[in-house]
Amino acid sequence: LECKHIINIGKASILFPSANEVFYNPVQEFNRDLTCAVITEFARDQLAQRGLKVLVPGETERVVVSLAEEKNEADAQTEEKKNGGEEPAVTTTVGEKCENGLRVLEALAASGLRSVRFALEVPGLQSITANDFSTQAAALISRNAQYNEVSHLLQVSCRDASMLMYEMRGKKNRYDVIDLDPYGSPAPFLDAAVQAISEGGLLCITCTDMAVMAGNSGETCYSKYGSVSIKARYCHEMALRIILHSLDQRAAVYQRYIQPLLSVSVDFYIRVFVRVFTGQAVVKNSASKQALVYNCVGCGSFHLQRMGKRTAHGKHSTIHCNTPQLLQFRSALLHAGHRVSLSHACKNAIKTDAPPSVIWDIMRCWEKANPVKREKLSETSPAFKILSTEPSLQACFTVREDANPQSRKRHLTRFQENPQAFWGPKARAKAGGGISGDLQDRRKQFQNKRKNQTTDSSELKKFPCKRFKKVSSLTRRNRPWEVFAVSDTSHLSPTSLAFHDPIVLV
């Protein structure tokens, strides 16, 4: 490959060819930054148990933020010191090979950018295997490893990702960290991944097929993940539970179970970090973590899900009243004896273990203090039915101190800002190279193609669409005829949905 471009990301300098032969997506920069941070903390924890201390360049003092809102940060730091005990005497730092360190696999490495960053930014690594099925990608990974002087840590592999992981299922051959960041769905690789990860190892999974997981195609979602996605206000929160549910079921086949560490919904993708353990007794409890979801199309409530995201903005619009302040609504739930936290997926949303009946009782109490004009409500509307029932509890909207979490008080970043316009997924890499057309021009060309459909055949010839694919041009008696293949437009309706137990740390 002739490399003409050098991209500096983190501490890595990556060579890229001029043609679009190897996939690279600059939008995933936050994904890569987050992965380096998570693996660093995972290495710190694992190597401490092996008598090693990792040294992170530039780190003077660790900032510990408790994810449990009932604990403050001082308590979290004190607890960490108690659990840590004496610091290990042997140290390891970035860039050096640690014989007792972690073995990392990037199964779908493309340019090798992520693996090179691991070698330059994550301490305590024994080896990094950067694998890609493309020979062009494998050659580029090797060049980037040499260019960044990390060949002593980074091993290049040109194999089928699933076969490589299946061959490493033996307990002595398993990887400590496996990173899966495919173009689209990770479903084909999950079965091999849950077998090739070591006991207590870290799986890092990315899903970019959000159209499927957010409710646009429930049947496709079921075939890939074993769950039917539905269109709802909490679709991104639901997508996280769908991939966790799928991972849990794949692992349970081999008497293994997952422990989610961090799950995030960012831009056009979701990212989950889970640890995998073996335990028959815990696996038997997997069935109790599933449920059928019954979603109301009128008010947006759902049942049989013990913890889910509630959007206060959506509740007030259903009953046509003004919106309570976020801290007031959180305080009302806390006063009622329920747990509540913020959501990173939507700034106006909360997560709570309160059932829908309590949520609507709180909204009924709020409406009594901020009444709506009942005469304008239709007797068949959801608002009229909801407000006609008296609340079974008396909500208290006095703001509590613990209603405002430590992360919010410290103004920690919860929603990433897009660094430039049209920040989204890029075009798929082409095996033969070549530069794809302007993405914005293609978006304008296909905009509203399903809303403004036409039946005029003369217009269909000018409109490129997958449903009307030109097959051939025939000539009969010197007269041209055009033949089109029209796909079936029938649709199936989703029937059921299974969720993983809602464990999402934000």
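This is a predicted model: local features need pLDDT of at least 70, side-chain atom pairs count only at pLDDT 80 or more; totals for chains, interfaces and linings use all residues.

Modeller: Within helix 4, the buried residues are Ala137, Ala138, Leu140, Ile141, Asn144 and Ala145. Viewed down the axis of helix 4, these buried residues fall within an arc of 160°, so they line one face of the helix. Thr135 and Gln146, on the other side of helix 4, are exposed. After helix 4 comes Glu149, which has a positive phi, near 60°.

Turning to the nonpolar residues, in soluble globular proteins nonpolar side chains tend to be buried together. Here the largest nonpolar core has 43 residues, and those with the most contacts inside it are Met165, Ile178, Leu180, Leu203, Ile243 and Leu247. Among the elements that give two or more residues to this core are helix 5 (161–167), strand 8 (175–180), strand 9 (197–207) and helix 9 (235–252), and helix 9 provides the largest share, eight residues. Leaving aside residues up to four places away in sequence, Leu180 touches Ala107, Leu108, Met165, Phe189, Leu190, Ala193, Cys204, Ile205, Thr206 and Arg271. Another core, of 41 residues, lies apart from the largest one, and its members include Ile9, Leu102, Leu154 and Val266.

Note on methods
Residues are numbered from 1 along each chain as its sequence is written. Side-chain values use heavy atoms; hydrogens and water are left out. A nonpolar core is a set of buried Ala, Val, Leu, Ile, Met, Phe, Trp, Tyr and Cys residues joined through side-chain atoms within 4.5 Å. Buried means under 20% relative accessible area, exposed over 50%, partly exposed in between (1.4 Å probe, protein chains only). Helices (H or I, at least four residues) and strands (E, at least two) are DSSP runs, numbered from the N terminus. Contact means heavy atoms within 4.5 Å. The arc is that of the directions from the helix axis to the C-beta atoms.
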